[in-house]
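Q: I have a new structure on my screen and would like to learn how to read it. Could we walk through some features together?
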Amino acid sequence: MLSANIIHFLIFPGGLFALCLGVFMLSLERIVVARLQGRVGPPIYQNFIDVIKLFNKEILVPKNAKEAVFIYSPLIGFAGMLAMLYFIPIPGVYEGTNVNSDLIVLIYVMALPAIAHILGGGASSSPYAAIAVNRELKLMLVYEMVFVIISFSVAIYVGGGDAVFSLKKIMEYQQLHGSFLFDWKFWPAVIAFVVFVLATLELPPFQIAHHNDADVMDGFLIEHSSIPLAIYEMTDAMKIILLSIVFQIFFFPIAITDDLIINLIWFILKTVVFVMFFSFLHAILPSFRIDQGFKFLLIVPTALSLITLILVILSVKGLI
Amino acid sequence: MSIITRSPFLFRINTGSCNGCDVELATTAMIPRYDVERLGCRYTGSPKHADILLVTGPITARSKPYLLEVLDELPNPFVVVAVGTCPTSCGIFRDSYSIEGPLERYVKVDVNVPGCPPRPQAIIDGVAKALEIWKEKIRNQK
Ligand code: SF4
């Protein structure tokens, strides 16, 4: 019993498997963006080599940095993602832990990578990092709220009035009644979720705090190098997988057969489509300024997710 | 160990260039059509991540301290590529009162990419040469 749990935690749905898949997804993203721009792009294992290379580099710590926080903060996000991938079920592939309130845990853990960025950037004593941390905090305040509203809409709809915070029950409900992706009441929430993913992965148009060479250089990661940077990259990789799983659980948890292998391939296929969709958005969208990004997040996805919440409450009461 | 040499991160610094080289470097050699990403390269926003430093411009008096700071922050081993005629010989800005170049006075330049501005193909060729030198440096360090 114990050993099966350890395997689930370290190797199969969580740990190694999610990490490798996520790193390949990051490379896939770069390739798709390159192809859309008419270039060849890097090989599919590129990000894998990047991570290995970063492990072989010199660690530099700035003179005024708080050294312990600076070096160990990436672990917060990484550990959070690792633990969450053990908790969360994968449609048709993995049962999850069957805890009754794992949706609540998910809402908390989702914020950990951003908190790791904020702590690491804040401890690095760089003015660029300070600006980036400030921006990230502002954005985080809003996009986390959007995610909470979406989660509550789904939970309330599944419970028929009482919120059900079990991801497994949400999946089972949709496997019986059809997935929410095809339910018009949830379409605003799907769009809000797409915006949420763009914001939490720092893809354009929310490239404000990071990778924005024009004004903050590398943002909160500017002083990091070597192993801490590699851990940040790996956290990103696992986050992409986690977001894809969450999207599938919320809106499209349909497994095609009972066979584990086919379901696994189906899951990977859905993840590839998910990543390619976001790469497409990455390639076509420009970047916001911070005030524009904040206003957009405060108005559009929040309003969309609230519309879904209202529709859900109305339909639960039997009014529509 | 040869696998890690396929993932160089590039950092570029403009030390007072006329912008000709920067346009070729940042927008033509990297983004559409000509592609250094196929060599595994990636532009980074911080010299602390970088393996290859690309320098454009003739090192003006104002940009010199920043150049020295960047050279100080690069983790070892690193490779320096001088893009354009300016960093090599100060080009058309030679003998001007505000020029403190050439680059050779501050650091050993590994690759020179000639041209004013150089063609994108020449820049990519320079980066490919820099990769070989980087590989050599890593081997010697071990
Ligand atoms: S080499 Fe020519 S194009 Fe490049 S910075 Fe110098 S003057 Fe400008």
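Q: Is B:Asp110 buried or exposed?
A: Keep in mind that this is a predicted model. To judge a residue, look at its relative accessible area: under 20% means buried, over 50% means exposed. B:Asp110 has 18% relative accessibility, so this residue counts as buried.

Q: Which residue forms a salt bridge with B:Asp110?
A: For a salt bridge, look for a side-chain nitrogen of Lys or Arg within 4 Å of a carboxyl oxygen of Asp or Glu. Here the partner is B:Lys108, and the closest N and O atoms are 3.3 Å apart. B:Lys108 counts as exposed because its relative accessibility is 62%.

Q: How many salt bridges does the structure hold over all chains?
A: There are 19 of them. One links A:Arg39 to B:Asp35, with 3.0 Å between the closest N and O atoms. A:Arg39 sits in the loop between H2 and H3 of chain A, while B:Asp35 sits in the loop between H1 and strand E2 (42–43) of chain B, so this pair joins two chains. Both residues of the pair are buried.

Q: Which residues are linked with A:Arg39 and B:Asp35 in a network of salt bridges?
A: The network also takes in A:Arg30, A:Asp50, A:Glu233, B:Glu37 and B:Arg42.

Q: What separates B:Lys135 and B:Glu132 along helix H4 of chain B?
A: These two are 3 residues apart in the helix (residues 120–141), which means about one helical turn lies between them.

Q: Now for sheets. In what order do the strands of the open sheet in chain B lie?
A: The general idea is that strands of a sheet pair through backbone hydrogen bonds, either parallel or antiparallel. In chain B, 5 strands are arranged as E2-E1-E3-E4-E5, and their pairing is parallel. At the edges you find E2 and strand E5 (111–113), each of which pairs on one side only. Strand E1 (residues 9–14) pairs with E2 of chain B over 2 bridges. To see a bridge for yourself, find B:Leu10, whose partner in E2 of chain B is B:Tyr43.

Q: Which residues are around the ligand?
A: Look for residues with a heavy atom within 4 Å of the ligand. The shell consists of B:Ser17, B:Cys18, B:Gly20, B:Cys21, B:Gly84, B:Thr85, B:Cys86, B:Phe93, B:Gly115, B:Cys116 and B:Pro117. Helix H1 (20–28) and helix H3 (85–89) of chain B are the elements that give two or more residues to this shell. By type, the shell divides into 6 nonpolar, 5 polar and no charged residues.

Q: Which residues form a nonpolar patch on the surface?
A: The patch is made by A:Phe24, A:Ile44, A:Tyr45, A:Phe48, A:Ile52 and B:Ile3, with about 460 Å² of accessible area together. Take A:Tyr45: this residue lies in the loop between helix H2 (15–36) and helix H3 (46–55) of chain A. A:Tyr45 counts as partly exposed because its relative accessibility is 36%.

Q: How many residues apart in sequence are A:Leu119 and A:Ser73?
A: They are 46 residues apart in sequence, yet 6.2 Å apart in space from C-alpha to C-alpha. You will find A:Leu119 in helix H6 (residues 112–123) of chain A.

Technical notes: Residues numbered from 1 in each chain as written. Chains lettered and ligands numbered in written order. Predicted model: local features only at pLDDT ≥ 70, side-chain atom pairs only at ≥ 80, totals over all residues. Heavy atoms only, no water. Patch = residues over 30% accessible without salt bridge, like charges linked within 9 Å, V, L, I, M, F, W, Y side chains within 5 Å. Areas by Shrake-Rupley, 256 points an atom, 1.4 Å probe, with all protein chains shown as cover. Helix = DSSP H or I, 4+ residues; strand = E, 2+ residues; numbered from the N terminus. Buried < 20%, exposed > 50% of the residue type's maximum accessible area, 1.4 Å probe, protein only. Nonpolar A, V, L, I, M, F, W, Y, C, P; charged D, E, K, R; others polar. Pairing = 2+ DSSP bridges.
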